Amino acid sequence: MLSAAVLSSCGIQQKTEQTPAPPKQERVTVGFSQIGSESDWRMASTASIQQAFADSPYTLLFNDGQQKQENQIKAIREFIDQDVDYIILDPCIETGWDSALMEAKEAGIPVIVIDRAVEVSDESLYAAWIGSDFYLEGQRAMKWLEAYLKKEGYEEPVNLVGIQGTIGATAQIGRSRALEEAANAHEDWTLLEEQPGDYTEAKGKEVMEEYLRKYQDKIQVVYCENDNEAYGAIDAIQESGRKVGMDVKNGDILVLSFDATHDGLRMALEKKIAVNTECSPLYGKRLVKMIDEMEQGELPEHTTYIEEGQFSTYSGIRAVWVVDNSYLVTKLTNEILEEREY
Ligand code: AHR
């Protein structure tokens, strides 16, 4: 048997003690506080993020806030206690986040806000926001309506009703503002009423039933702040004996909607929704890319708006102008519907 000294003199190192294993590379952990599951859009957003993280080197911790800000704040605090590396927050409403975001900042955890925005005293409380320009979405819908009524030669007064989203959510604030401003800007348009529909089909239906009882055949346009509310409103209109459609001169109610999910586009193809303005829920891959870059030491853009489309079967309007920019309106076809995955 060769002694240790001989082995060593032959240039062979003998290990007498166990060498410690190299430190295990810990997986980067990301906590995601989602609002809930109120709409098809929301489910698509959750699926997009869960799928992208499942395909990534990161571990995602998911929390469903069930539409309650207090639950989302609790989730942020739990993520801080778990010492996650990043927090993703889709805030149900804009205000009330200062303390929780300050705690995350003090713990050195970057917060990425998505979809809806937060209104905070100090913008450095979050690392980045990526989402939709909800006000612009509303303006595009209103410009389309204005152009449509003009093209169709509709010269009667126009009565509108609004079914809003969750009050205080950026999507609601922006879309409702666009509706209110457009109604004020047109002498012959009257916004009869706005009520929250919480982005759900059931509430959308309930609100529309009430409007139909109150205003009967006075309504020409219903502005639904998402597709699920539109499905509910369409049911209510059809059950009341009135017709949804594009023939406003002959008494159809025009339904305007947002999101452009698969079912929302299908209803637009059936002309039950006159125009559907897109709101993209596909955040997953963008978030993984952002975290890849942050892991490489890059600073993310603080504010990023997602580009979105607008769809209608009506081919008379190719684009709408909002302030100095023109936005294409896509003629909706079966092929577009088939390609829509959510
Ligand atoms: O914040 C985005 C909005 O929230 C979508 O329009 C709606 O469908 C969702 O629930």
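Predicted model: local features only at pLDDT ≥ 70, side-chain atom pairs only at ≥ 80, totals over all residues.
Student: How far is the polar side-chain atom of S39 from an oxygen atom of the ligand?
Tutor: That distance is 2.8 Å. For D115, a polar side-chain atom lies 2.9 Å from a ligand oxygen atom. In the side chain of R116, an N or O atom is 2.8 Å from an oxygen atom of the ligand.

Student: How much of the ligand's accessible area does the protein cover?
Tutor: On its own the ligand has 280 Å² of accessible area, and the protein covers 100% of it. The space that the ligand takes is the largest cavity.

Student: Let us turn to strand 5. Are A128 and W129 buried or exposed?
Tutor: Both are buried. Strand 5 (residues 128-131) is covered on both faces, with A128 and I130 buried on one side and W129 and G131 buried on the other.

Student: Why do the side chains fall on two faces?
Tutor: In a regular strand, side chains alternate between the two faces of the sheet.

Student: What joins strand 4 to strand 5?
Tutor: Strand 4 (residues 111-114) runs parallel to strand 5 and is joined to it by 3 bridges. Within this pair, V113 stands opposite W129.

Student: What about strand 11 — how many bridges pair strand 5 with it?
Tutor: There are 3 bridges, and strand 11 (residues 303-305) pairs with strand 5 in the parallel sense. Here T304 is the bridge partner of I130.

Conventions
Residues numbered from 1 in each chain as written. Heavy atoms only, no water. Buried < 20%, exposed > 50% of the residue type's maximum accessible area, 1.4 Å probe, protein only. Helix = DSSP H or I, 4+ residues; strand = E, 2+ residues; numbered from the N terminus. Pairing = 2+ DSSP bridges. Polar contact = N/O pair within 3.5 Å; in protein donor to acceptor, adjacent residues only side chain to side chain. Areas by Shrake-Rupley, 256 points an atom, 1.4 Å probe, with all protein chains shown as cover. 1 Å grid on protein atoms, 1.4 Å probe; cavity = no way out; pocket = protein on both sides within 12 Å on 5 of 7 lines; lining within 4 Å. Sits in = over half its atoms within 2 Å of the grid points.
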